[in-house]
Amino acid sequence: MLDFAEPKDNQRETLFVEVILPLAIAKNYTYRIPYDLNDQVAIGKRVVVQFGKSKLYTAIIASIGNQAPDKYEAKYIIDILDDRPVVNDRQLSFWKWLADYYLCNVGEVMNAALPAALKLASETRIILNKGFEYDKSALNDKEFLIIDALDMQPELTVSDVAKLLGQKTVMPILKLLFEKNIIHISEEVSDRYKPRKRTFITLNPVYQDPEQMKELFAILERKAPKQADAVLAFIHLSRQQKLISKPELAEASGANAAAIKALIDKEVFIADERTVSRLLDTEDELDENFTLSDKQTAALTSIKEQFAHKDVVLLHGVTSSGKTQVYIRLIEQMLANGRQVLYLLPEIALTTHITDRLRHYFGNSIGVYHSRFNDNERVEVWQKVLNGEYRIVLGARSSVFLPFQDLGLIIVDEEHESSYKQYDPAPRYNARDASIFLGNLHKAKVLLGSATPSFESYYNAQTDKYGLAELHERFGGVKLPEIEVVSIALETKQKTMQSHFSSVLMRDIGLALGKKEQVILFQNRRGYAPVIICKTCAYTPKCINCDVTLTYHKSSGKVHCHYCGYREDSPTICPACGSAHLEHKGFGTEKVEDELSILLPDARIARMDLDTTRSKMAFQNILNDIEEKKIDILVGTQMVAKGLDFPDITVIGIISADSLLKYPDYRANERGFQLLAQVSGRAGRRGKQGKVVIQTYDPGHRVIRQVIANDYLDLYQTEMAERKGFKYPPFYRIIQLDIKHKDPERLYHQAEYLAVELRKHFADRVIGPEFPLINRIRNYYIKSIMLKFEKDTISIAKVKVILQDVLLQFQTTKLSKGCIVQPDVDPY
Ligand SMILES: [Zn+2]
Ligand SMILES: [Zn+2]
């Protein structure tokens, strides 16, 4: 029988979709849907499209309509990759907001938001997941061909695979191989975060019976005295602490590992391998049945009350005040309400302690997301948030991009941290500020936490825009460390300095080491000596790509550029005048480590900075060594200020506070205070008073006095008066434009021209163009224009529309060819 039925409406309807491509293009692009795919079209699904001459990209459907574009003929989309959307409506609104706010393209936001495996393009490189076991017989011919090829060569691009199979798009096949975990995206970062495991010992419950214990002990004493010692040591230790690790027990009992092993074999001891935190102290505090102190309870109550009528609350709590427990109570409540929680932390804090603790506490409903994860792991987290399996995400700044359905609470811990701000590439967003908008989209509450809040947040709390809760007592009554300021000038005069170390610091280091305690020394520069200078002609080696002097690194014997990575052999004679009198000026962590090892030959000294933590697992290894007390003194850059919490660190030395405070930036004092307060907070834990030694040429410096007095409020008030006078945030909003060009003449000319154009609209709110601190990086010359807008009276949204327009005009003028303009909104 013939079928006269009309085809279904949606089968003959012509559909067009606007898609977001992961590229820096100003507009979404429109494609046509082939009829047979009409049924599958939905916003938020991924499609494969051709863009440009021949390249294929994965794009996201942003809208669906019937209108063909009028300026160009729409190409057909090639395929739809998903059965259900991988990006939801709220995310699309979030992307749009980020692009508008931070003056970039939605495609750039998409690029930052999606893990690489979710946005395959022709040039994406794939590799085999080595060591992964799978059933080869279950593969189809095409899959087999791909894997076979990857066996022969280390990596293939997506377009290589297309050629191999002789078909246009292979993304659906690759997508399946990814999902089966057989292939990976080829990445340079291979540093995988591994949770730290340790064996803990508990006593077989049988021996809680005193009779049984007595009997056991009698036998051991006769037959195996070393095992008897181990049991005694265990009982002794268990009175002081809840968790006893195997190495601790071995150390306490003086017993060899064999005795402990024998007791485990006899089932007297039970060994239990667990993931542990870096922070054993707080782990005790995070007992599942922990109770909040009165102060914590008061803070929690205050937060909840303020959430009733405010969306954002700032929790100002000193270091070690037990903010985490307050967070946990809030998280529990939010989960009980059936909603999701995002807990943001600076990257470095994530890799250290808190992850394992919360996982222990919240089990499988918690996902962790940070840059040390490889792409497959990131995709896995993405999927589990999407399908609701993860209800809490603990993550670094990029976790604001995860596909949450219903966020109830966002916590931004250490909200003042500059690492929440992404500088390069666009979007140059601040995850703290973005999460306030994200909270808005989800009707979620946002809690910002810090011991030293950013002035922006504190100002918002003072002006009642945010709520404010306070926690000014260290948890468990731990005292704040004693701070002693040492005048380098005075000690130099008295000839009591030993290289860079004052007599006070040397004495305190000696005292700590005598008590088998640990020391952290902080120096804000890495490398050996920042400047090599010829004593005869003042020549100093400079980078060939950037306008910076090269830093001497003793370990490599080379001079390095810290901006572009360029390095060359360190000169032994002056290349300019031939003189052999080259002098090293200034000093970095490498030199501090070096000189200290001469002064204290018996101390075990290690260094933590970008150079020593680059290799795989190095960061973790240093942490392990501190915890296991294989290190007496750790020398480091600001890495040591963040997230390092070890109970035996009692002395902190700031080798030179001046470099922190005399930085030409309006935030220098705020940052100096934050850093000094954070570093100091590392000293002294349970039962031990810490000591901080600050070395400086300017012992009377106001910020140092404020750090000693722990007087954040005084700092805030003095600085805010200056900010107001000099038109800085939080009273003014800043948008910085970096203009770059390889030709300096062209750059200078065009930067002037742009400033003139901007002044037509914004008058004296335009400052510059000026030379930035470093005016050439990677062979691009740079000029900066700063725009300052009154916060209360000017609509920043309107400003941005005008600004976008001026920039577009600028980019289209002929002379601007080759000019790059990078807007940075709320720069840090
Ligand atoms: Zn010279
Ligand atoms: Zn360079």
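Guide: Buried means under 20% relative accessible area, exposed means over 50%, and partly exposed is in between (1.4 Å probe, protein chains only). This is a predicted model, where local features need pLDDT of at least 70, side-chain atom pairs count only at pLDDT 80 or more, and totals for chains, interfaces and linings use all residues. Residues are numbered from 1 along each chain as written, chains are lettered from A and ligands numbered from 1 in written order, and side-chain values use heavy atoms, without hydrogens and water.

Visitor: Why is helix H21 called largely enclosed by the rest of the structure?

Guide: Count its residues. H21 spans residues 618-627, and eight of the ten are buried, so the helix is largely enclosed. The buried ones are Ala618, Phe619, Gln620, Ile622, Leu623, Asn624, Ile626 and Glu627. A helix here is a DSSP run (H or I, at least four residues), a strand is a run of E with at least two, and both are numbered from the N terminus. After H21 comes Lys629, with a positive phi near 60°.

Visitor: Which atoms are the protein donors of the zinc ion (ligand 2)?

Guide: They are the SG atoms of Cys543, Cys546, Cys561 and Cys564, at 2.2 to 2.4 Å from the zinc. Donors are N, O and S atoms within 2.8 Å of the metal (3.2 Å for Na, K and Ca); water is not among the atoms, so sites may look incomplete. Along the chain, the spacing of these donors is C-x2-C-x14-C-x2-C.

Visitor: What makes the site of the zinc ion (ligand 2) tetrahedral?

Guide: The angles among its four donor atoms are 104 to 112°. Four donors count as tetrahedral if all angles lie between 85 and 135 degrees. The site of ligand 2 is therefore tetrahedral.

Visitor: How do you know whether Cys561 and Cys564 are buried or exposed?

Guide: Compare each value with the cut-off. Cys561 has 4% relative accessibility, so it counts as buried. Cys564 has 18%, so it is buried too.

Visitor: What holds the zinc ion (ligand 1)?

Guide: Its protein donors are the SG atoms of Cys534, Cys537, Cys574 and Cys577, lying 2.3 to 2.4 Å away. Their spacing is C-x2-C-x36-C-x2-C. Cys537 and Cys577 link distant parts of the chain, 40 residues apart. Cys537 sits in the loop between strands S21 and S22, and Cys577 in the loop between strands S24 and S25.

Visitor: Why are Cys537 and Cys577 called partly exposed?

Guide: Cys537 has a relative accessible area of 35%, so it is partly exposed. Cys577, at 37%, therefore gets that label as well.

Visitor: Why are helices H8 and H10 called roughly perpendicular?

Guide: Their axes cross at roughly 80° and come within 9 Å. Angles of 65 to 115 degrees count as roughly perpendicular, under 35 as roughly parallel, over 145 as roughly antiparallel, and the rest as oblique. H8 and H10 are therefore roughly perpendicular to each other. Lys226, Gln227, Ala230 and Val231 of H8 make the contact with Ala259, Ile260, Ala262 and Leu263 of H10. Contact means heavy atoms within 4.5 Å.

Visitor: Is Gln422 buried or exposed?

Guide: Gln422 has a relative accessible area of 11%, so it is buried. Gln422 lies in the loop between strand S16 and helix H16.

Terms used. Four donors count as tetrahedral if all angles lie between 85 and 135 degrees; four count as square planar and six as octahedral if opposite donors are over 155 degrees apart and all others between 65 and 115; anything else is irregular. Axes are lines fitted to C-alpha atoms, for helices over the stretch in contact, and angles run from 0 to 180 degrees between N-to-C directions.
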